[in-house]
Amino acid sequence: MRADEQIVVRVPGRVNLIGDHTDYTGGLVLPTVVDSYTTITGRFTDRNEWHLVSETHGEVTIPLDQARALAIDVDWARYPAGVISEMLRIGLAVRGFDGTVATSLPIGGGLSSSAAFEIATARVAIASTRAADVVLDDLELAQLCQRAENVATGVPCGIMDQLSIVSGQRGWATMIDCSTFDVTLVPIPDEVRVEHRFIAQRALAESEYGERVAQCRAIEEMIGPLHQATEHDVERIESELLRRRARHVVTENGRVRAFAVALSDHRFDEAGRLMTESHHSLSRDYATSTPVMDAAVESLLCEPDVLGARMTGGGFGGCVVILRRA
Ligand code: GLA
């Protein structure tokens, strides 16, 4: 690529059909990419920095120095800064860049706007290295961006968002086994439509997320890996709170499996029922819903062509995902 050539990278968000709060214990998830995107447009420069202008959040300069990149304290810029710093850490010669960032994804809306921003940054950074030998496969790219997010935000997020965005295809759901990282594409039949609706801005998501991850680690100390646990193992947990958290994770893994089969067999009522059950489990056992999200789900379920609905993503607000008869 010539130095003055314009580069445009467009990366979609994701909506998770079923399988929430299972990825960080090696469980199953089933997201799909959405038709909203984060786009980075710009040109490489010979300056030792990235200059990014956001349509909505102002501008920022990120130095191409691992430690200084990470010292950025502008919230939205910590994502690209985290990615750049991870790329420099693994020895990639990232060049200077001057560009703009725009997104049609709701920020903090549960559609992974941050992961889309990270992957877009990583693709620009890789294109900047001029090296034909930058070999990062989908999983390595996703893991690099996951590390960037962990470092940039301090939130110990799992791999779902980044891996589903790099390996997703429109019209297909992406089943990911988060212990082996096996990815299986599951077709979404024409008879149904997957929709999402933004309900409320997320609140408290970061601290509560970290607490759930810690609770799962405590559960695994008692009963071993959650992705291999059975409902019988769950009943052995003495603490009522931890028993409820474990019950969500174990039953949710079962629902992801059952949902993928129901969708493939065109048993859409069953698929919808599993999604709604997943919402109730997140709300009652995992406590990551809110009264506003619960009310939105219940009201959607009253619509005649809605097969199922649930909160999607990290929770405490954001979007609801809906399975509708087409
Ligand atoms: C956030 C995290 C993901 C996943 C979901 C909940 O989106 O980034 O890794 O844990 O929450 O399923």
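I began with helix H3 and helix H4 (residues 138-153), which pack at an angle of about 120° with their axes 10 Å apart. For this entry, axes are lines fitted to C-alpha atoms, for helices over the stretch in contact, and angles run from 0 to 180 degrees between N-to-C directions. Helices (H or I, at least four residues) and strands (E, at least two) are DSSP runs, numbered from the N terminus. The angle makes H3 oblique to H4. Angles under 35 degrees count as roughly parallel, over 145 as roughly antiparallel, 65 to 115 as roughly perpendicular and the rest as oblique.

I noted that the model is predicted: local features need pLDDT of at least 70, side-chain atom pairs count only at pLDDT 80 or more, and totals for chains, interfaces and linings use all residues. Residues are numbered from 1 along each chain as its sequence is written, and side-chain values use heavy atoms, with hydrogens and water left out.

I then looked up the handedness of the H3 and H4 crossing, which is right-handed. On the H3 side I listed Ser-114, Ala-115, Glu-118, Ile-119, Ala-122, Arg-123 and Ile-126, and on the H4 side Leu-141, Cys-145 and Glu-149. Contact here means heavy atoms within 4.5 Å. Sorted by class, this contact has six nonpolar, one polar and three charged residues.

I turned to helix H9 (residues 268-284) and helix H10 (residues 291-301), whose axes come within 11 Å and cross at roughly 160°. H9 and H10 are therefore roughly antiparallel to each other. H9 contributes Thr-276, His-279, His-280 and Ser-283 to the contact, and H10 contributes Met-293, Asp-294, Val-297, Glu-298 and Leu-301. I recorded three nonpolar, four polar and two charged residues for the contact of H9 with H10.

**Cores**

I looked up the largest nonpolar core, which has 70 residues. A nonpolar core is a set of buried Ala, Val, Leu, Ile, Met, Phe, Trp, Tyr and Cys residues joined through side-chain atoms within 4.5 Å. Buried means under 20% relative accessible area, exposed over 50%, partly exposed in between (1.4 Å probe, protein chains only). The members that touch the most others are Leu-30, Trp-50, Leu-52, Ile-62, Met-87, Phe-97 and Phe-259. Helix H3 (residues 113-128) supplies the largest share of this core, eight residues.

**Ala-246**

I located Ala-246 in helix H8 (residues 240-264). Ala-246 counts as buried, at 0% relative accessibility. Leaving aside neighbours within four places in sequence, Ala-246 is in contact with Ile-219, Leu-226, Val-234 and Ile-237. Ile-219 is 27 residues from Ala-246 in sequence, and the two are 7.0 Å apart in space, C-alpha to C-alpha.

**Two positive phi values**

I checked His-21, a residue other than glycine with a positive phi near 60°. His-21 is in the loop between strand E1 (6-18) and strand E2 (28-45), and it is buried with a relative accessible area of 5%.

I checked Ser-112 next, which is not a glycine but has a positive phi of about 65°. Ser-112 is in the loop between strand E5 (96-103) and H3.

Technical notes:
Ala, Val, Leu, Ile, Met, Phe, Trp, Tyr, Cys and Pro count as nonpolar, Asp, Glu, Lys and Arg as charged, and the others, Gly among them, as polar. A crossing is left-handed if the near helix is turned anticlockwise from the far one by less than a right angle, and right-handed if clockwise.
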